[in-house]
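Please look over the sequence and the model before reading on. The briefing below is meant to be read side by side with them.

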Amino acid sequence: MHEEAPTARVNHLIAGHSEMAARIRAYNWSRTSLGPIEDWSETLLATVNLMLQSPFPTILSWGPEMVFLYNDAAISTLTAKHPNALGGLYCDVFREAWDLVSADLEACLYRGQTAVRDNMFIPILLNGVLEDRYFSYSLIPVYENGRIGGVYDAFRNMTETVRGARRLRESETQLKLATEVAKLGVFVWDTVADKASWENDRMYEIFGRTRDQGPVNGAALVNEIVHSDYRDAFREALENTLQKGDPFRFKGLIYCPDGAPRWIEINGNLQPETDGSRGKIIGTIRDITELRKTEEELRESTKRLGELAAIVSSSDDVIVSKDLNGIITSWNDAATRVFGYSPDEMIGASILKLIPEHLHSDEKTIIENIRAGRRIEHFETVRLAKNGSLIEVSLTVSPIKDEQGRVIGASKILRDVSSRRRIEQTLLQAEKIAATGRMAATIAHEINNPLEAVMNLLYLLRPKITDDDGREFLATAEDELGRVSHIAKQTLGYYREHAAASLASVSEIAEHALTIYQPRCTAAGITVRRSIGPSTKIVLRRGEMMQVISNLIANSIYAMPSGGTLSVSVCEATGADAGIVLTIEDDGVGIAPEDLPKVFDAFFTTRTTVGTGIGLFVAKQFIVGHGGRIGIESDNGSNKHGTAVRVFLPFHTAYA
C-alpha cells in the first residue's frame, strides 16, 4: 500500500474518522485507474462516503478493473488480506473465490443486474490456508451519468450461522435415530390445557392406540391408564416438576386397551416459558416390560448363582472350572486349602500347573472326553501342590454347555483321598498283622518243641565240654537259642514280653550284641568302632532292647556287602531332654529319599531276597513302648552314603 499525507481538500472530500476513512485519504490513488482523490467524480465520492458510514460490511468495486475499496465493518472478514486489499483489484484480492462470484459481479457491472445470494459457499484463503466460508450478499450497480461506474456490495459472513444450522440438523437427525433405535416415544404435554401431542408412532404403539384415536390427556392417563398402585407416585412426580422445576421422572405399571399390563418409564423436563406459554413438559416414554422381566430373571438368576457360589465356596471338595484349552476360570476356597495357591495365582493359569509332568497325557484324555460331552467319574490319580508334595485325589469332571448345548468348558470336583488311602493302608496293615499274628501262633507252637529239644541236647552236652572256651561258647549258644524262641513269638506274633521290666544298662546290652555279631562283621570285612561308656541303668525290658539293637546291627551289615565301618555309640544326654542316646551308624549303600519316610511301616523292605519288612516296625513299637523315640538319617549318593539310626530312652525311670 502506498500512503501519503492527505491534503486539506482530501480531508474534506472523504468524511469521517474511521480507520478506513483515514486509510482511503492516505492512499496513493494516482497509481490506480481511479487517479487522485481530488479528481474523483461526485458519484464516486458520494458512494465511498456512503460505504464508510454503513454499519454493514461493504465492498465497493469501481471501474472496469474493479478497484477494491471497503469499510471498517469488512475488516474482520478480510482478516489477513487487510490492509493490503485496499486499492487492489477484486480479482486479485479474492483470487481463490473469483470463479464463484465473477459472474454476479460482471453481470452487475456490465448489465446492471442486481444479485442477492443467501448463505453462498465462498472459500477464502487466510494465512495460506483455504477455509470454508458462507456469505449472504447483495450487489447493486452504481450509476454515473447514465452509465454504471461500480458495484456496491453489502454482505454478511454467515459461516457460523450455516454451521450452527447444520449441527442442529445433524443433532435432530441423530436424536430421531436415537429415539428410533432406543424405541422411545416422544411427547409434548401442555399441563395447563391438559393436552398432549405425540411426536412419533412409538407413542401410539406403547399405549396401544391408533392415530385416528389420537393421544390421551393427562387426566385419562392418571385416572384410567396408570395402575392404581402407581397413581400417587405419578401425581407427586408431576407436582415436583411443575412447582420445583425438577425433571419429570416416573416408572410404573399401565394397562393398555387390550388389558395387557405394561411397565413404562417416563423422563421429561419443563420447557422454558416462551411466547407466554407455561407448564409444558417435553419428554420420552419407554416400554420397559421386557426389561423388567429380564431384570427379574436376572435377579432370580443372581440369587441362584449366589446360592451356588456359597455352596461352592463352602464345599470341602475342590471345585474348579476350566475352558477347553485347560485354562482355569474359577477356583474355590477348598482348592486354596488343598493346593496352597490363591485364586489370583490360578485363575487364568493352565491346569497343567497342578498335574505332575509324567501325567500330562491324562489331561489330553480328559479334554477329549469333555469335548465329546462325556462325564468322567471318580478318576483316581495324583496332583501337585504348591509346596511340591503329591496329593492322591479322586476326580469327577463334567462338561459345561452354553445355551445352544455346545461344550465350552469343564467343571471339575476334586476330592483329596490321601486320608482315605492312609486309612485303607492302615486297615491293610492291620489285616496283615492280624494274619501274621494267627500264623505266628501256629509257628510258635510248631517250633517250640524242636527248640526245646535242641536246648535239652545242649544241656546234655554241657558235662561233655571240659575246656573253659567250650563251656563259654555253649552258654552263649544256649542264650541265643532262648532268644530265638523269644524272637519267634515276639516278632511274628507281636508278642509282648511277659518278663517284668527291670533295671538294665543299654551299654551292656550293646556290648553283648556286638560280641555276638563280631564274627559276621569280621567275615564281611566290616570294621567295628565302639564308643560305649558306662551308662545309667534304666527300667526296660532287656529282651526287647536286645532285639532292637540286634536288628539295627543286622541292617547295617546287610547295607555293607563289600565291607565298611560300623560305629556303635552309647552316651547320656543332659538338660531338659535327659536320657540315654544309642547311635548305630554305617557307611553302606544308604536309603533312597523316597523310601526314607516308609522305613518304619510294617512289611516295607528294600531287600529283594531276604527280610520281612517288620524289623524296624517292631523296633519302633518297642522304643515308643519305653517312652522313647527313634529316628533315621540316610544318604545314597555316589560321594556321600550311609545310614545313622538314633534311639533315645528317657531317664524318667532311671536307677540312681
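This is a predicted model: local features need pLDDT of at least 70, side-chain atom pairs count only at pLDDT 80 or more; totals for chains, interfaces and linings use all residues.

Residues are numbered from 1 along each chain as its sequence is written, and side-chain values use heavy atoms, with hydrogens and water left out.

**The chain as a whole**

- The secondary structure of the protein chain comes to 19 helices and 24 strands, where helices (H or I, at least four residues) and strands (E, at least two) are DSSP runs numbered from the N terminus.
- Of the 656 residues in the protein chain, 40% are buried, a term that stands for under 20% relative accessible area, computed with a 1.4 Å probe on protein chains only.
- Among contacts (heavy atoms within 4.5 Å) in the protein chain between residues at least 6 apart in sequence, 53% join residues at least 24 apart.

**Helices α17 and α18**

- The axes of α17 (residues 506–523) and α18 (residues 542–558) come within 10 Å and cross at roughly 35°; such axes are lines fitted to C-alpha atoms over the stretch in contact, and angles run from 0 to 180 degrees between N-to-C directions.
- On the α17 side the meeting residues include I509, L514 and Y517, and on the α18 side they include M545, I549 and I553.
- By class, this contact of α17 with α18 has 13 nonpolar, 2 polar and 2 charged residues, with Ala, Val, Leu, Ile, Met, Phe, Trp, Tyr, Cys and Pro counted as nonpolar, Asp, Glu, Lys and Arg as charged, and the others, Gly among them, as polar.

**Cavities**

- The structure holds 3 cavities of 30 Å³ or more, a cavity being a set of points on a 1 Å grid over the protein atoms alone where a 1.4 Å probe fits but cannot get out, and lining residues having an atom within 4 Å of a point.
- The largest cavity has a volume of about 180 Å³, and of the 14 residues that line it, the closest to its centre are Y90, F94, I122, F135 and D153.
- The largest share of that lining, 3 residues, comes from β6, and the lining residues divide into 12 nonpolar, 1 polar and 1 charged.
- The second largest cavity holds about 150 Å³ of space, and of its 14 lining residues, the closest to its centre are F187, W189, A196, W198 and L221.
- The lining of the second largest cavity divides into 12 nonpolar, 2 polar and no charged residues.

Key:
On a 1 Å grid over the protein atoms alone, a cavity is a set of points where a 1.4 Å probe fits but cannot get out, and a pocket is an open set with protein on both sides within 12 Å along at least five of seven lines; lining residues have an atom within 4 Å of a point. Grid points are joined across faces, edges and corners, and a volume is the space filled by probe spheres set on the points. Buried means under 20% relative accessible area, exposed over 50%, partly exposed in between (1.4 Å probe, protein chains only).
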